[in-house]
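Here are my notes on the two-chain model you sent over. Have the structure open while you read.

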Amino acid sequence: MSDLKDLRSAKRLQPAFSIVLLACAGTLPGVALAFNISFDYRFDSNNFFDAARKSILDSAAAFFESRITDTLDAIEPGPSGFGFDNTFTAKITNPGTGLAQDVVDLTVPADTLIVFVGGRSLGGSTLGQGGPGAYSASGTQTFIDTVSTRGEPGVDPNGITDTDFAPWGGAITFDNDASTNWYFDNDTTTDEAFTGADFYSVALHEIGHVLGIGTADSWDNKIVNGQFTGAASVAANGGNTIATTADGGHWAANTQSVIAGTNTAQEAAMDPTITLGTRKRFTELDVAGLQDIGWEIQADSAQ
Amino acid sequence: MRRILLPLLLLLPPMSADANDTSKPVVMQAFQGLSARDNWERNPHEHYRYTLHRQCYCPTPKDVRVEVVAGQVTRVTDLASGKDVAPRLLSAYAGIDELLARIDAAVQRRPDSLRIEYDRHLGYPKRVYIDPSYRVADDETDYRIEDVTIL
C-alpha cells in the first residue's frame, strides 16, 4: 500500500522524473501501479475481436480501473523453495467453445485481474455472459492463501462468511451470431443515437459480473429474502434495500439510479434488462454494489 | 330398457376415422406415458402456438406468442406491443422439440441448478430454470410456457 502511495506522489513530480520513477516501479516485483483489468484473447477462436472492439472493451475496463483501488497479491506459480512447486490452474468456460478450459500455471500480476474474452453463438438472443473463474492450486499454505484471497482478509477461503472478493480474474463471452446486431462505438465518452445492442454497455455489465455482482459469495451473503442489504447500496438507494432477481444474479428489472458521477437518472447497468439503441452506463447503485462486495472504491468520476 | 339397448348397440357398424368407408377401418393410436414428457414426444405435434415468458440478458421481447408450423417457428408476436418480431430475430425463439433438446444438452453438462416441470397432459416443458454455473452470470435458461394450442 505504501508503494502505491509513493507512486501516486510520484505522479505529481516533474514529468521527466516521474516517468523514470514509474518505469522503474513497473519492473520491480511486488510494486503495482494501479488496479488493472487485463484481457486475454487466446481463446477468441472465432475471431470476434478486432482492434476497434478491443479498444471499446478497454474503455469499459477503464471505468472500473478508475474507481477500484484494491491492492491484490500476485499469483506466481513456480518453485516453492521447499522442494516442490506451487501450482495454479485457472478454470474457465472457454469463450470460444463453451467448454470447460484449464489454463495451467497462469501468472497473475499484482493488482491485476486477467479476463479471458471471446465470442461465440450464445443461443436465443443472449448478448453476453461472464463471471469470475475457478481454480485449482497446490503448494505452500501461503501460496494457497494467496490464490484464494489475494491478500484480502475479508475473503473466506471456504466461501461462507465472505465480506470481500478477490478473484484471479474470469471470462466473458459475447454473442457472435446473427441474432445480435452489435453497435460498436469508437468514442464511448459521447452519447449519440444508434440502433443495435451497445457493446460498451454489455461489456460494462459482464465485467460487473466478473467483479462479483450476482456471482460473489460476498454478494450472496447480503441478500435477505430477495432484498440486497449492503450498506453502500442501501445508502445509494435512498435508505431502502434493493430487490434482486429471483436467482440473486442482478438487481430486479427496472431498478433505477443515477449514472455514476452525475445526477442523470438511468436504469441500473446490473439489472437484467437492456434495450436496443440504448446505452446503460454504470450507476451509483452499481458502484455501491461493488463496494458492498468488498471492493475499495474511490471518489466519483463521470464515465 | 337395458336389456333391449345392448343388442341394438351390437348391431351398429364399427367406429372408424372415415365415416364414409366403414369397410376400411384406420389404425388409431392412443398413448398415455408414465412420464409427462413422453406425451409430447410420442405425439407428433408440429403445428401449434404457445405463450412464452422468459428471463434473459437479451434485447428481444421476453413475453411473446410463438407460432410453430411444421416444427419451425414462423411467427413471434410481442405481447406488450402486439407487433410481430422481425423475421431475422425468429431464430432467437424455438419450438418445443428444440427446447427439449436444449434441456437434454444442459442436463448432460451437470448444471449447478436445475428445475424443470412438464405439463402433465401435453408434456411440454412449462417451467424451466437451468443455471449451468453459479460462477457465470447471464448463462441461465429461465422461462415459462403456457396456453399451448395445437393447430
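The points below go from confidence and numbering to cores, strands, helices and loops.

1. Ground rules. This is a predicted model, where local features need pLDDT of at least 70, side-chain atom pairs count only at pLDDT 80 or more, and totals for chains, interfaces and linings use all residues. Residues are numbered from 1 along each chain as its sequence is written, while chains are lettered from A and ligands numbered from 1 in the order in which they are written.

2. Confidence in chain A. The average pLDDT (the predictor's confidence in each residue, from 0 to 100) is 89 for chain A, and 88% of the residues score at least 70. Watch residues 1-32 of chain A, though: pLDDT is below 50 there, and beyond near neighbours in sequence the stretch still has 21 contacts in the model. A contact means that the C-beta atoms of two residues, placed from the backbone, lie within 7 Å. Where pLDDT is low, the predicted coordinates should not be read in detail.

3. The main core. A nonpolar core is a set of buried Ala, Val, Leu, Ile, Met, Phe, Trp, Tyr and Cys residues joined through C-beta atoms within 7 Å; buried means 20 or more other C-beta atoms within 10 Å of a residue's own, exposed means 12 or fewer, and partly exposed is in between, again with C-beta atoms placed from the backbone. The largest such core has 67 residues, and A:Ala60, A:Val115, A:Ala203, A:Leu204 and A:Ile207 touch the most other members. Elements of chain A that each supply at least two residues include α3 (51-67), β5 (112-120) and α5 (199-210). The biggest contribution, seven residues, is from α5(A). Helices (H or I, at least four residues) and strands (E, at least two) are DSSP runs, numbered from the N terminus.

4. Ignoring neighbours within four places in sequence, A:Ile207 is in contact with A:Ile37, A:Ala60, A:Ala61 and A:Phe64. Another core lies apart, with 20 residues, among them B:Tyr50, B:Leu52, B:Tyr143 and B:Val148.

5. Three strands form an open sheet in the order β11-β12-β13 (chain A), with antiparallel pairing; strands pair if DSSP finds at least two bridges between them. β11 (223-224) and β13 (242-243) of chain A each have a single partner strand, so one side of each lacks a neighbour in the sheet. Two bridges join β12 (residues 227-228) of chain A to β13(A), and A:Phe228 sits opposite A:Ile242 in β13(A).

6. Chain B at a glance. Chain B has three helices and six strands, in the pattern α-α-β-β-β-α-β-β-β along the sequence. Of its 151 residues, 29% are buried. Helix α3 (residues 96-108) of chain B has 13 residues and should span 18 Å, which agrees with the 19 Å between its end C-alpha atoms; the expected span is 1.5 Å times one less than the number of residues.

7. Two phi values to check. Most residues other than glycine have a negative phi. B:Arg110 has a positive one, near 55°, in the loop between α3 and β4 (113-118) of chain B. A:Asn254 also has a positive phi, about 70°, and its place is the loop between β13 and β14 (256-258) of chain A. Are these residues buried or exposed? A:Asn254 counts as exposed, with 11 C-beta neighbours inside 10 Å, and B:Arg110 counts as exposed with 9.

8. The interface. The contact takes 23 residues from chain A and 18 residues from chain B.
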